[in-house]
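Hello,

Here is the structure I promised to pass on. My notes on cavities and aromatic rings follow below.

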Amino acid sequence: MLTIYSDDHRLHHGKGELNDGELQPCYECPERADQVLAAVRQARLGDIVAPDEFGLEPIKAVHDPRYVDFLQQAWELWAAEGRTSDALPLNWAVRGMRQLEPDYIDGKLSYYSFDAGTPITAGTWAAVTTGANIAVTGAARLLAGDEFIFALSRPPGHHAARDYFGGYCFLNNAAIAAQYLLDNGASRVAILDVDYHHGNGTQSIFYERNDVLFVSIHADPRQEFPYFLGHADEHGKGPGDGYNLNLPLPWQSGADRWFAALETGHARVREFAPDYVVVSLGVDTYIGDPISQFCLESDDYLAMGSRIADLGVPLLFVLEGGYAVADVGTNVSNVLLGATR
Ligand code: SS9
Ligand code: ZN
């Protein structure tokens with residue numbers, strides 16, 4: 001297995017997110033990736049290489065070019081107002097309000113976001129563009145014949161949609177990789193999202209398409225973030241009807257329920273017969289995760305990797321969530337060990 005990694009993730013280091021009614025330290029922190037890198041090294045999972053540079057084209061093949069331009073300029077516009085703290089939005093256009101991009105930076109932050117937990121910092125743009133390059137480098141290696149790739153980047157991506165950020169995510173790395181595979185010869189790509197949270201961004205990007213199958217196992221949005229997408233009756237639209245499979249589970253779900261859902265997802269992926277599978281690999285399903293309510297144990301991640309590898313299709317693992325910093329490395333490397341054994 002090959003791991004793609006860059007220290008650039010450190011350039012995105014938010015101070016705080018609004019949580020439980022208070023500004024709290026960000027759960028999504030550089031130490032997460034440090035722990036995962038250390039565990040990949042310790043488990044001797046193979047070479048670790050730097051990403052190649054692909055420019056903005058693969059990003060703009062998934063995201064609205066105006067949104068990408070906004071992300072590139074956001075910190076500069078914010079800092080020009082004399083602000084030195086992280087940029088965070090404060091209000092959103094809900095039912096009956098108009099979807100028009102405001103001129104002023106505070107309004108733009110609101111227009112292009114869906115939560116107040118995802119700060120933009122001075123180094124966010126550099127970190128997220130490197131993250132996209134990591135995912136695309138992984139996709140390019142699959143196209144060149146590699147079987148297992150791990151794209152080790154942060155911040156995560158699966159909550160980022162075509163034109164908005166949120167849930168700690170800015171650019172949808174898994175979606176960018178899937179689109180790159182399709183634009184360079186693949187006919188069908190499946191995205192299997194095993195993060196605790198529903199991948200609302202990925203779902204919405206591919207919702208009306210049948211060249212990408214999206215399968216997600218996650219906490220029920222009736223109880224859990226992102227709350228407004230991820231229900232079982234969302235199966236795709238138009239040509240995409242039947243190409244979106246949500247498998248929501250209640251809080252406190254453990255291995256029994258989780259692996260039963262994986263079997264359902266597995267069957268659908270096999271039926272789809274993809275050329276490649278991109279795995280949105282979040283380990284916030286862990287019992288010790290500080291913001292989540294599932295009960296998987298560290299050993300369960302070995303079984304998860306092994307069952308995913310049973311698909312018999314080249315795999316690109318893209319790091320998403322997992323906030324139990326002391327255990328995130330072990331849990332991620334267990335998935336990768338299970339897949340490559
Ligand atoms: C918990 C707030 C959760 C967003 C979580 C995003 C996870 C990305 N009280 N906020 S994998
Ligand atoms: Zn998550």
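Four nonpolar, four polar and two charged residues make up the lining of the largest cavity. The lining residues are H12, G14, E17, C26, Y27, E28, G117, T118, P119 and Y168. The space inside the largest cavity comes to about 60 Å³. Keep in mind that this is a predicted model.

How many cavities of 30 Å³ or more does a search of the whole structure find? The search finds two. The second largest cavity holds about 40 Å³ of space. Its lining divides into four nonpolar, five polar and two charged residues. These are Y5, S6, D8, H9, A127, T130, G131, I134, L152, S153 and R154. Helix α5, residues 124–143, gives the most to the lining of the second largest cavity, with four residues.

Now the aromatic rings. The structure holds 14 aromatic pairs. One of them joins F70 and F165. Their ring centres are 6.4 Å apart, and the angle between the planes is 15°. The pair counts as stacked because planes under 30 degrees apart fall in that class. Where in the chain do F70 and F165 lie? F70 is in helix α3, residues 65–79. F165 is in the loop between β5 (148–152) and α6 (173–183). The two are 95 residues apart, so this pair links distant parts of the chain. Are F70 and F165 buried or exposed? Both are buried.

The pair of F225 and Y227 has another geometry. Its ring centres are 6.4 Å apart and its planes stand at 80°, so this pair is edge-to-face. The cut-off for that class is over 60 degrees. Y227 has a relative accessibility of 40% and therefore counts as partly exposed.

There is also an aromatic cluster. Y67, F70, Y111, Y112, F165 and F170 form it together. F70 and F165, the stacked pair, are thus among its members.

The charged end of R83 sits over the ring of W78, 4.3 Å from the ring centre. The charged end of R268 sits over the ring of Y243, and here the distance to the ring centre is 5.4 Å.

That covers the cavities, the ring pairs and the charges over rings. Send me any questions.

Best regards

Conventions: Residues numbered from 1 in each chain as written. Chains lettered and ligands numbered in written order. Predicted model: local features only at pLDDT ≥ 70, side-chain atom pairs only at ≥ 80, totals over all residues. Heavy atoms only, no water. Phe/Tyr/Trp six-rings, centres within 6.5 Å; stacked < 30°, edge-to-face > 60°. Buried < 20%, exposed > 50% of the residue type's maximum accessible area, 1.4 Å probe, protein only. Lys NZ or Arg CZ within 6 Å of the ring centre and 35° of its normal. 1 Å grid on protein atoms, 1.4 Å probe; cavity = no way out; pocket = protein on both sides within 12 Å on 5 of 7 lines; lining within 4 Å. Points joined across faces, edges and corners; volume = space filled by probe spheres on them. Nonpolar A, V, L, I, M, F, W, Y, C, P; charged D, E, K, R; others polar.
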